[in-house]
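Please look over the model below before reading on.

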Amino acid sequence: MGKPLIYEILEKPASSSVIGICSLIWFFIQKRNIGYGDVGLSYEAAMEGGQYWRIITSAFSHINVVHLVFNMSALWSLGVVEQLGQIGLGVEYYLHYTLVLVVLSGLLVLGFYHVMIQKFKVEYFRRVTAVGYSCVVFGWMTILATKQPSSKLNIFGVLSLPISFAPFESLIFTSIMVPQASFIGHLSGIIVGYSIAWGLVHGMNNYWAITMFGWIVLVFVLSLKRTGSMDLRFIEIEPVTDPSLPSVGVVASRNGRTLQMDVLPRRGVADIV
């Protein structure tokens with residue numbers, strides 16, 4: 001007989017909090033009938049439209065309930081990282097590097113898209129839209145596989161994988177079983193995970209975590225204001241363009257509001273990450 005759920009939640013406070021946040025966001029998305037294009041990450045919206053806030057919203061958003069359950073089930077199993085303080089992991093480590101995984105995996109996805117668009121002229125990647133917490137999940141799979149290779153990854157309580165093979169097994173499995181799954185998104189999580197596990201990305205402590213979190217919040221809010229995605233009247237951004245030069249604006253109506261911005265993202269193909 002296993003431990004009562006409340007004890008497991010107390011042993012995995014950070015994982016449990018993320019699961020709760022993602023579940024609440026999923027519920028909100030369903031109630032408001034929000035789609036991939038509203039919260040997802042695409043090259044066109046983020047890099048050409050300046051909607052950098054999508055790096056964060058895409059990570060914590062799930063449109064499909066099966067996608068949510070799969071990611072949260074894997075994340076619950078990976079919460080064992082919080083209990084491994086004796087090998088240098090633990091709750092603080094988990095919080096610090098979850099922040100790193102969210103940001104760096106999102107940036108790496110955009111980097112891959114940039115190469116595919118600019119170098120190989122594959123326009124598909126300009127509008128493909130990614131959502132989901134899988135980048136972070138795959139990152140933690142990779143870190144745990146490196147730090148604690150004897151661990152097991154339990155999914156849905158019925159599927160148990162050796163953690164040492166889990167990142168690439170899961171990458172292949174999801175690519176075959178879920179054609180919409182983002183191979184680039186999952187691979188980005190694995191690459192960032194190895195970068196952390198091998199010490200290429202290191203040195204995170206409370207000071208740097210709080211500093212990084214502060215910059216994330218600042219960029220998130222300012223990009224929301226800058227792109228007109230949310231009405232933040234208490235924030236004023238000074239224009240940086242030369243007023244003597246002519247400017248061109250595009251005005252479009254969306255959900256009953258009038259937005260003005262340089263580029264409006266068009267809805268494209270959705271990727272599950």
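Predicted model: local features only at pLDDT ≥ 70, side-chain atom pairs only at ≥ 80, totals over all residues.

1. Start with S16. It sits in helix α2, which spans residues 13–32. Is S16 buried or exposed? Its relative accessibility is 16%, so S16 counts as buried, the cut-off being under 20%.

2. What does S16 reach? Its side chain comes to 2.7 Å from the backbone oxygen of K12. Leaving aside residues up to four places away in sequence, S16 touches I9 and W76.

3. Next, helix α7 (residues 91–118) against helix α11 (residues 183–197). Their axes lie 8 Å apart, at an angle of about 130°. α7 is therefore oblique to α11. The crossing is right-handed.

4. Which residues make this contact? On α7 they include Y93, Y97, L104 and F112; on α11 they include I184, L187, V192 and I196. By class, the contact of α7 with α11 has 14 nonpolar residues, five polar ones and no charged ones.

5. Helix α11 also packs with helix α9 (residues 134–147). Here the axes come within 7 Å and cross at roughly 40°. This crossing, too, is right-handed.

6. From α9, the contact residues include S134, F138, T142 and K147. From α11, G185, G189, G193 and A197 are among them. The contact of α9 with α11 divides into seven nonpolar residues, eight polar and one charged.

7. For a second look, compare the class counts. The contact of α7 with α11 has no charged residues; that of α9 with α11 has one.

Methods
Residues numbered from 1 in each chain as written. Heavy atoms only, no water. Helix = DSSP H or I, 4+ residues; strand = E, 2+ residues; numbered from the N terminus. Buried < 20%, exposed > 50% of the residue type's maximum accessible area, 1.4 Å probe, protein only. Polar contact = N/O pair within 3.5 Å; in protein donor to acceptor, adjacent residues only side chain to side chain. Contact = heavy atoms within 4.5 Å. Axes fitted to C-alpha atoms, helices over the stretch in contact; angles between N-to-C directions. Parallel < 35°, antiparallel > 145°, perpendicular 65-115°, else oblique. Left-handed = near helix turned anticlockwise from the far one by under 90°. Nonpolar A, V, L, I, M, F, W, Y, C, P; charged D, E, K, R; others polar.
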